[in-house]
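This briefing goes through one protein model by topic. The structure comes before the notes.

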Amino acid sequence: MSNSDNDAYRIEVFAESEYLPEQSDADQKRWAFAYHIRIINRGSQGARLLTRHWIITDGDQRVQEVHGEGVLGQQPELAPGQEFQYSSGAILETAVGSMRGNYQMLSEDGTCFNAPIPAFTLAADRALH
């Protein structure tokens, strides 16, 4: 069941990426990135993050999908107005790419809903002009 317009079930997600030159090696086609996520419960129902689904696209349009439980081994619960932040990483074979996805949430009233993660760019320094 997905009803993101319903005020009870509103999760807002912000993402920021960071290039990690010390973990990257262009000769090996390895570009490393950190991403920092901020999840805010803007709804009137508390909700727990059950699963994540990422769609990672590199500069050659290769797509990798990642499904998993929680984030960083946790399934954080967010009361209305509460936020949760975490950082993780991704490795690409190109200097530029993007990520987007969603979190499956379970509200305290038993409703499952998706919280979309807006697309954000992964870009090595000087890779975008």
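This is a predicted model: local features need pLDDT of at least 70, side-chain atom pairs count only at pLDDT 80 or more; totals for chains, interfaces and linings use all residues.

The side chain of serine 24 makes a polar contact of 2.9 Å with the backbone oxygen of leucine 20.

- Serine 24 sits in the loop between E1 and E2.
- With a relative accessible area of 16%, serine 24 is buried, because the cut-off for buried is under 20%.
- Beyond neighbours within four places in sequence, serine 24 is in contact with Tyr19, Arg30, Trp31 and Ala32.

**Positive phi values**

- Most residues other than glycine have a negative phi.
- Lysine 29 is not a glycine, yet its phi is positive, at about 55 degrees.
- Lysine 29 belongs to the loop between strand E1 (11–19) and strand E2 (31–41).
- The relative accessibility of lysine 29 is 52%, so lysine 29 counts as exposed, the cut-off being over 50%.
- Leucine 72, also not a glycine, has a positive phi of about 50 degrees.
- Leucine 72 is found in the loop between strand E4 (63–69) and strand E5 (77–78).
- Glutamine 61 has a positive phi of about 65 degrees and lies in the turn of the hairpin formed by E3 and E4, which has four residues between the strands.
- Glycine 110 takes a positive phi near 95 degrees in the hairpin of E7 and E8, where four residues lie between the strands.

**The sheet of E1, E2 and E6**

- Three strands make an open sheet in the order E1-E2-E6, with antiparallel pairing.
- E1 and E6 are at the edges with a single partner strand each, so one side of each has no neighbour in the sheet.
- From one strand to the next, the twist averages 20 degrees.
- The antiparallel pairing of E1 and E2 runs over nine bridges.
- Arginine 38 in E2 stands opposite phenylalanine 14.

- E3 and E7 run antiparallel and are joined by eleven bridges.
- Leucine 49 has methionine 105 in E7 as its bridge partner.
- E7 is also joined to E8 by ten bridges, and these two strands run antiparallel.
- Alanine 115 in E8 stands opposite tyrosine 103.
- E3 and E4 are antiparallel, with seven bridges between them.
- Glutamine 64 in E4 stands opposite isoleucine 56.
- In a regular strand the side chains alternate between the two faces of the sheet.
- The covered face of E7 holds Gly97, Met99, Gly101, Tyr103, Met105 and Ser107.
- The uncovered face of E7 holds Val96, Ser98, Arg100, Asn102, Gln104 and Leu106.

**Aromatic pairs**

- The whole structure contains seven aromatic pairs.
- Tryptophan 54 and tyrosine 103 have ring centres 6.4 Å apart and planes at 85 degrees, so this pair is edge-to-face.
- This pair links distant parts of the chain, with tryptophan 54 in strand E3 (residues 47–58) and tyrosine 103 in strand E7 (residues 96–107), 49 residues apart.
- Tryptophan 54 also forms an edge-to-face pair with phenylalanine 120, at 6.0 Å centre to centre and 85 degrees between the planes.
- Phenylalanine 120 lies in strand E8 (residues 112–123) and tryptophan 54 in strand E3, so the pair ties together parts that are 66 residues apart in sequence.
- Ring pairs join Tyr35, Trp54, Tyr103 and Phe120 into a cluster.

**Burial and the nonpolar core**

- Tryptophan 54 counts as buried, with 2% relative accessibility.
- Tyrosine 103 is buried as well, at 0% relative accessibility.
- Phenylalanine 120 is buried, as is tryptophan 54.
- The largest nonpolar core has 29 residues, and Ile39, Trp54, Tyr86 and Tyr103 have the most contacts inside it.
- At least two residues of this core come from each of E1, E2, E3, strand E6 (83–92), E7 and E8.
- In soluble globular proteins, nonpolar side chains tend to be buried together.
- Not counting residues up to four places away in sequence, tryptophan 54 touches residues including Tyr35, Ile37, Gln64, Glu65, Tyr86, Met99, Arg100, Tyr103 and Phe120.

Terms used: Residues are numbered from 1 along each chain as its sequence is written. Side-chain values use heavy atoms; hydrogens and water are left out. Rings of Phe, Tyr and Trp (its six-membered ring) pair if their centres lie within 6.5 Å; planes under 30 degrees apart count as stacked, over 60 as edge-to-face and the rest as tilted. Buried means under 20% relative accessible area, exposed over 50%, partly exposed in between (1.4 Å probe, protein chains only). A nonpolar core is a set of buried Ala, Val, Leu, Ile, Met, Phe, Trp, Tyr and Cys residues joined through side-chain atoms within 4.5 Å. Contact means heavy atoms within 4.5 Å. Two strands pair if DSSP finds at least two bridges between them. Axes are lines fitted to C-alpha atoms, for helices over the stretch in contact, and angles run from 0 to 180 degrees between N-to-C directions. A polar contact is a pair of N or O atoms within 3.5 Å; within protein, one must be able to donate a hydrogen and the other to accept it, and residues adjacent in sequence count only if both atoms are side-chain atoms.
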